[in-house]
Amino acid sequence: MAVDTSPRTPTWTYVEGEWIAGNPPLIGPMSHAMWLASTVFDGARWFDGIAPDLDLHCQRVNRSAVNLGMKATMNAEEIQGLAWEGVKKFDGKTAIYVKPMYWAEHGSFSVVAADPESTRFALCLFEAPLGDGKTGEALTVSPFRRPTKECMPTDAKAGCLYPNNARILVEAKSRGFGNALVRDMLGNVAETGTSNIFMVKDGVVFTPAANHTFLAGITRSRVIGLLRQAGFDVRETTLTVDDFAAADEIFTSGNYSKVLPVHRLDDRQLQTGPVTAKAREIYFDWARSSAKG
């Protein structure tokens with residue numbers, strides 16, 4: 001039986017000068033991206049008429065392309081303008097995921113290396129509900145680790161990094177958890193399988209220091225800045241699993257769901273604490289006020 005390749009929610013994709021509904025066939029079996037994984041992407045969010053930090057996401061996808069050996073064929077301002085054009089194709093009732101993408105069509109001096117002159121671009125938008133932040137995540141500690149920059153292109157938001165995240169999530173789900181704390185090669189906490197991670201102890205907010213083993217996200221940076229502006233002591237530092245096990249609060253940040261509480265770490269139950277609630281509140285307050293100003 002043929003696999004249904006239609007998208008699961010309303011989707012529009014811009015490629016080579018036109019908008020196409022659904023899931024257009026763009027990559028063939030001889031495309032470099034198909035068999036050698038030369039893909040990068042980014043993800044912004046549109047909801048309630050706003051798209052927080054859309055400009056930064058459009059800039060980052062270009063950096064990712066260059067870092068993976070491709071060529072950024074669109075400038076960030078063009079991508080941003082196309083994103084707002086694409087948003088108008090939806091009914092405005094459901095949050096949208098905004099996904100600019102680059103991939104290589106051909107190899108260059110060797111089959112393995114991408115030919116930067118063959119770089120292609122697409123911008124895909126699809127409906128994806130945001131969630132209300134009330135349902136907390138359940139985390140365990142993953143047996144899998146994040147690679148170092150010497151091993152994988154961790155300085156790009158590259159598709160080839162995500163099979164590792166997938167196995168992190170599948171393994172966690174097999175044990176009754178929705179996500180997992182992921183350590184770096186030294187055994188320190190880096191992130192979760194899908195997001196950056198924060199903890200609170202005695203009123204101080206801690207998050208793993210960016211060490212090139214994980215993507216230090218745009219939303220992470222925004223949350224750090226907003227919490228500091230609100231008077232919180234936020235420290236980027238080395239953190240262990242034991243630190244998180246003793247935390248008063250744990251929450252995550254990421255583009256897909258913004259700020260979410262963690263309600264369980266292995267056998268320990270947690271509540272949405274005041275700092276977590278404040279982090280989510282000030283993020284959305286900033287997002288809505290920045291859209292006006």
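Me: Why is D248 called partly exposed?
Reply: The relative accessible area of D248 is 37%. Buried means under 20%, exposed means over 50%, and partly exposed is in between (1.4 Å probe, protein chains only). D248 has 37%, so D248 is partly exposed. Before we go on, this is a predicted model: local features need pLDDT of at least 70, side-chain atom pairs count only at pLDDT 80 or more, and totals for chains, interfaces and linings use all residues. Residues are numbered from 1 along each chain as its sequence is written, and side-chain values use heavy atoms, leaving out hydrogens and water.

Me: What does K201 count as?
Reply: K201 has 31% relative accessibility, so K201 counts as partly exposed.

Me: What makes D248 and K201 a salt bridge?
Reply: The term needs a side-chain nitrogen of Lys or Arg within 4 Å of a carboxyl oxygen of Asp or Glu. For D248 and K201 the N to O distance is 3.8 Å, and they do form a salt bridge. D248 lies in the loop between α6 (241–245) and β13 (249–254), while K201 is in strand β10 (residues 196–201), so the pair ties together parts 47 residues apart in sequence. Helices (H or I, at least four residues) and strands (E, at least two) are DSSP runs, numbered from the N terminus.

Me: How many salt bridges are there in the whole structure?
Reply: The search finds 13. Another of them joins the side chains of R60 and D42, at 2.7 Å from N to O. R60 sits in helix α2 and D42 in the loop between β3 and β4, 18 residues apart. R60 and D42 are buried.

Me: Why are R146 and E191 called buried?
Reply: R146 has a relative accessible area of 5%, so R146 is buried. E191 has 7%, so E191 counts as buried too. Their side chains meet in a salt bridge, 3.3 Å from N to O. R146 is in the loop between β7 (137–145) and α4 (162–174) and E191 in strand β9 (residues 189–192), so this pair ties together parts 45 residues apart in sequence.

Me: What makes H57 buried, and what is H57 in contact with?
Reply: H57 lies in α2. Its relative accessible area is 2%, so H57 is buried. Contact means heavy atoms within 4.5 Å. Leaving aside neighbours within four places in sequence, H57 is in contact with D42, G43, A44, P52, I218 and N255. What covers the buried residues of α2 includes β5 (96–104) and α5 (218–229).

Me: Which residues touch the most other members of the largest nonpolar core?
Reply: A nonpolar core is a set of buried Ala, Val, Leu, Ile, Met, Phe, Trp, Tyr and Cys residues joined through side-chain atoms within 4.5 Å. The largest one has 30 residues, and V40, M70, V98, Y102, F121, L123 and L125 touch the most other members. Its largest share, 5 residues, comes from α3. Another core, of 21 residues, lies apart from it and includes F47 and V275.
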